[in-house]
Amino acid sequence: MATRISNLQSGILRNDENGPRKVAAKVLQGPVLRRAALGDVGNRPIPTKGSTGPLKPDLLKQSLVARAAATRQFSSQSRKDIKENENVKEPTENVEDMDVQEAKVEELSIAFSTQLLNVEDIDSQDRGNPQLVSDYVNEIYKYLRELEDRSQVKSGYLEGQVISGKMRAILIDWLVQVHSRFTLLQETLYLTVSIIDRFLQVERSIPRNKLQLVGVTAMFIASKYEEMYCPEIGDFSYITDKAYSRTDIKRMEIHMLKTLQFNVSYPLPLHFLRRNSKAGSVDATQHTLAKYLMELCLLEYSMVHFKPSIIAAAALCLALKLSDGSEWNNTLVFYSRYTEEQLIPVMAKMSSVVVKSYTMKQQAVRLKYKVSKYMKISDIPQLKSKIIQNLAEKGSLT
């Protein structure tokens, strides 16, 4: 029996009649890998207390430590030789890796803070609806915040140009009327204003007689981007009383898209307002009031440099204070990324715009929100309350 086992191990089966023959199935064994840090650790059992050999953990530990030290010394010596012989620089820590590590730390800190602040998970009810993309909706809004940082409008960008802030307000007030006439989506209006500001920020040689052409062309581009059925180019030519032909609009469209490098995907205040309204569980009146406050700010040149996210958060925070005095709770702070203290300067500017809206010549937004479709929100008495007056004194517009 021992002879048969020995022969099988050597791969040969002996037979007295037929002579030696090889076994058909062989086990192919690859190269044996050596683990430098742990040494040649095999499957041999370590003696225990019940066995004849004494247990020596200190010797095993010393051996492992010695091998690890030798490996580190060999690695450092190899890197030193490479550096001396080939003048190879030591690898530095990648900036992207540092950003990833900081992002992970930030996510962990946010997750930890949500537990401490008792933040409500507003997406827990949406797991079964794929259209609400609850699995990665937070990542979407994180990307929108990064995008608004990269495409922010500078403060006072019209300085040194023929176009002034008053001319811009007149143009946008007229575009609000055109927007209502064509019954376009709310996103189309906000995107139109974003395109105008970013175009005029780069193209600083637009004459006065071309400003209206810039406005209708921006709305034409925004309609193509947002609307399911975009108005025809002839409609935009007609709305200008034939001051600009179809060819003029086409040429300006090409010029604007080239200037903007064909990038018209900007975060809008409406995107953030819907998220914040969901986080605050607000009603239709509060949401409409916040929309009215945001739309009033579209005409205000001194507020073009505020990010869409902070405009949306400040509008909702002010709407909550005006309606029922609701506080800016931890859930709203978490999902908007702004505390009430950070929103007070923007709310003060916004209150100044509300006070100014009663006496200014541009009344398109107020008239728009006077109809029952928008709950006649521009006529509510809260817009003349002491809260508005006190905040307006802090953020008086120049």
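## Report on a predicted helical chain

Leaving out neighbours up to four places away in sequence, serine 309 has contacts with Glu148, Phe272 and Tyr338. This description rests on a predicted model. Serine 309 lies in helix α12, which spans residues 308–323. Its relative accessibility is 2%, so serine 309 counts as buried. One of its contacts is also polar: the side chain of serine 309 meets the side chain of tyrosine 338 at 2.7 Å.

**The chain as a whole**

The chain has 16 helices and 2 strands. Of its 398 residues, 40% are buried. Among contacts in the chain with a separation of 6 or more, 75% are between residues 24 or more positions apart.

**Two pairs of helices**

Helix α5 covers residues 165–181 and helix α7 covers residues 211–226; their axes come within 10 Å and cross at roughly 40°. The crossing of α5 and α7 is right-handed. On the α5 side the contact is made by Met167, Leu171, Trp174, Leu175, Val178 and His179. On the α7 side Leu211, Gln212, Gly215, Val216 and Met219 take part.

A second pair is formed by helix α11, residues 284–297, and α14, whose axes come within 10 Å and cross at roughly 80°. The helices α11 and α14 are therefore roughly perpendicular to each other. From α11, the residues Tyr292, Leu293, Leu296 and Cys297 meet Met350, Val353, Val354 and Ser357 of α14.

**Glutamine 363**

Ser357 of α14, which takes part in the meeting with α11, is also touched by glutamine 363. Where is glutamine 363 placed? It is in the loop between α14 (340–357) and α15 (364–368). Is glutamine 363 buried or exposed? Its relative accessibility is 19%, and the limit for buried is under 20%, so glutamine 363 counts as buried. The side chain of glutamine 363 reaches the backbone oxygen of methionine 360 at 2.7 Å. Beyond residues up to four places away in sequence, glutamine 363 touches Asp173, Ser357 and Tyr358.

**Cysteines**

How many disulfides does the structure hold? The structure holds 0 disulfides. A disulfide is a covalent bond between the sulfur atoms of two cysteines. Cysteine 297, one of the α11 residues that meet α14, has a relative accessibility of 7% and so counts as buried. Cysteine 317 is buried as well, at 2% relative accessibility.

**Positive phi angles**

| Residue | Phi | Loop | Relative accessibility |
|---|---|---|---|
| Valine 133 | about 40° | between α3 (95–117) and α4 (137–150) | 23% |
| Arginine 337 | about 70° | between α13 (330–336) and α14 | 39% |

Valine 133 is not a glycine, yet its phi is positive. Arginine 337 is not a glycine either, and its phi is positive too. With a relative accessibility of 23%, valine 133 counts as partly exposed. Arginine 337, at 39%, also counts as partly exposed.

Definitions and conventions: Residues are numbered from 1 along each chain as its sequence is written. Side-chain values use heavy atoms; hydrogens and water are left out. Helices (H or I, at least four residues) and strands (E, at least two) are DSSP runs, numbered from the N terminus. Buried means under 20% relative accessible area, exposed over 50%, partly exposed in between (1.4 Å probe, protein chains only). A polar contact is a pair of N or O atoms within 3.5 Å; within protein, one must be able to donate a hydrogen and the other to accept it, and residues adjacent in sequence count only if both atoms are side-chain atoms. Contact means heavy atoms within 4.5 Å. A disulfide is a pair of cysteine sulfur atoms within 2.5 Å. Axes are lines fitted to C-alpha atoms, for helices over the stretch in contact, and angles run from 0 to 180 degrees between N-to-C directions. A crossing is left-handed if the near helix is turned anticlockwise from the far one by less than a right angle, and right-handed if clockwise. Angles under 35 degrees count as roughly parallel, over 145 as roughly antiparallel, 65 to 115 as roughly perpendicular and the rest as oblique.
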